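Here is a brief report on helix packing. Please keep the model open while reading.

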Amino acid sequence: MKRLKIRPEVVPAVLLVLAFVAGAMESKYFLDFRYLLDSSTLYVETGLLALGMTFVIVSGNIDLSVASMTVLVACVTARLMESGWSVPSSCGIGIGLGIVLGAINGVLIAKVKLPSFVVTLATMAVYRGIAQVLLGANSAKVTASFVGLDMQHLPGHVPVPLVIFLIVAVVLGLILHRTLFGRWVFAIGTNEVASFYSGIPAATSGLMAAFAALLMDSRLGVARFDHGQGLELDAITAVLLGGASIFGGRGSILGTVLALFLIAVLRIGMGVANVKAEYQLAVIGTLLVVAVLSGNLVSRLSSERRA
């Protein structure tokens with residue numbers, strides 16, 4: 001029990017329970033189980049970006065370009081489908097493109113030794129700019145058979161995108177916390193040998209951006225260069241709320257998942273209660289500050305206990 005109390009994931013877990021109770025007390029409609037499950041699909045794309053961002057932040061880096069990568073992959077994939085390419089071929093090229101875009105960030109960070117903030121700030125503009133050049137002010141339509149994945153459900157009315165997100169979270173959680181590569185990710189930034197692998201978290205982030213792009217295409221049915229505005233900030237917020245340190249070396253997939261559910265529950269609850277969007281943003285921002293301060297306190301107590 002002592003070990004449980006000082007884990008960083010405890011903070012978002014407790015806040016998640018409190019948010020759920022507050023939402024239930026605020027409105028009876030909040031307890032509609034089907035409504036909650038259907039609403040969760042709106043946060044799956046952010047969740048996938050946050051999973052990839054967890055690897056990046058744990059390694060002591062940052063990726064501001066994830067939303068732009070998502071949009072560029074979404075635009076390319078939709079344009080391929082619109083041009084007559086098959087769905088599997090278009091999706092395969094989209095996934096490959098996401099990995100390449102992430103790898104470009106990784107090479108510039110790991111090999112050229114440029115700060116991740118500067119690199120991804122630049123590619124954030126470059127990738128979205130390429131998407132704008134590709135489509136201009138127009139939109140590209142997605143093949144009809146690929147549209148509506150967010151409307152598909154498994155038994156128990158569980159949305160397919162939510163299942164995909166949870167499966168990916170489990171796989172990445174095992175990789176980060178149960179493999180040698182995961183240990184290297186935690187060591188990057190403080191170990192010169194481990195820094196050789198610092199480009200791999202960026203490629204992982206690109207892969208997650210590609211998956212998010214495919215789900216975005218399926219949900220919206222069209223792709224535009226201005227879709228996904230601000231998703232990178234939502235992803236970073238989820239990771240930090242989950243107990244990760246912005247300086248690297250601390251974080252977990254479980255914490256990120258709990259934080260994502262916390263953000264979803266808060267926004268769904270405030271939406272049901274007709275809270276204005278600007279107030280919702282203020283609540284999330286305040287919660288982020290509180291969670292980061294609490295996470296630092298938990299980390300300090302953990303260090304003192306080990307000492």
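This is a predicted model: local features need pLDDT of at least 70, side-chain atom pairs count only at pLDDT 80 or more; totals for chains, interfaces and linings use all residues.

## Helix 4 against helix 8

Helix 4 spans residues 44-58, and helix 8 spans residues 160-178. Their axes lie 10 Å apart and meet at an angle of about 5°. Angles under 35 degrees count as roughly parallel, so helix 4 runs roughly parallel to helix 8.

Helix 4 contributes Val-44, Gly-47, Leu-48, Leu-51, Thr-54 and Phe-55 to the contact. From helix 8 come Pro-161, Leu-162, Phe-165, Val-168, Ala-169, Leu-172, Ile-175 and Leu-176. By class, this contact of helix 4 with helix 8 has 12 nonpolar residues, 2 polar and no charged ones.

## Helix 8 against helix 12

Helix 8 also packs with helix 12, residues 253-272. The angle is about 150°, and the axes are 9 Å apart. The two helices are therefore roughly antiparallel.

On the helix 8 side, the contact uses Leu-162, Phe-165, Leu-166, Ala-169, Leu-172, Gly-173, Leu-176 and His-177. Helix 12 supplies Ile-253, Val-257, Leu-260 and Phe-261. The contact of helix 8 with helix 12 divides into 10 nonpolar, 2 polar and no charged residues.

## Helix 10

Helix 10 covers residues 199-220. At 1.5 Å a residue, its 22 residues should span 32 Å. The end C-alpha atoms are 31 Å apart, which agrees.

Just after helix 10, Gly-221 takes a positive phi of about 80°.

Note on methods: Residues are numbered from 1 along each chain as its sequence is written. Side-chain values use heavy atoms; hydrogens and water are left out. Axes are lines fitted to C-alpha atoms, for helices over the stretch in contact, and angles run from 0 to 180 degrees between N-to-C directions. Helices (H or I, at least four residues) and strands (E, at least two) are DSSP runs, numbered from the N terminus. Angles under 35 degrees count as roughly parallel, over 145 as roughly antiparallel, 65 to 115 as roughly perpendicular and the rest as oblique. Contact means heavy atoms within 4.5 Å. Ala, Val, Leu, Ile, Met, Phe, Trp, Tyr, Cys and Pro count as nonpolar, Asp, Glu, Lys and Arg as charged, and the others, Gly among them, as polar. The expected span of a helix is 1.5 Å times one less than its number of residues.
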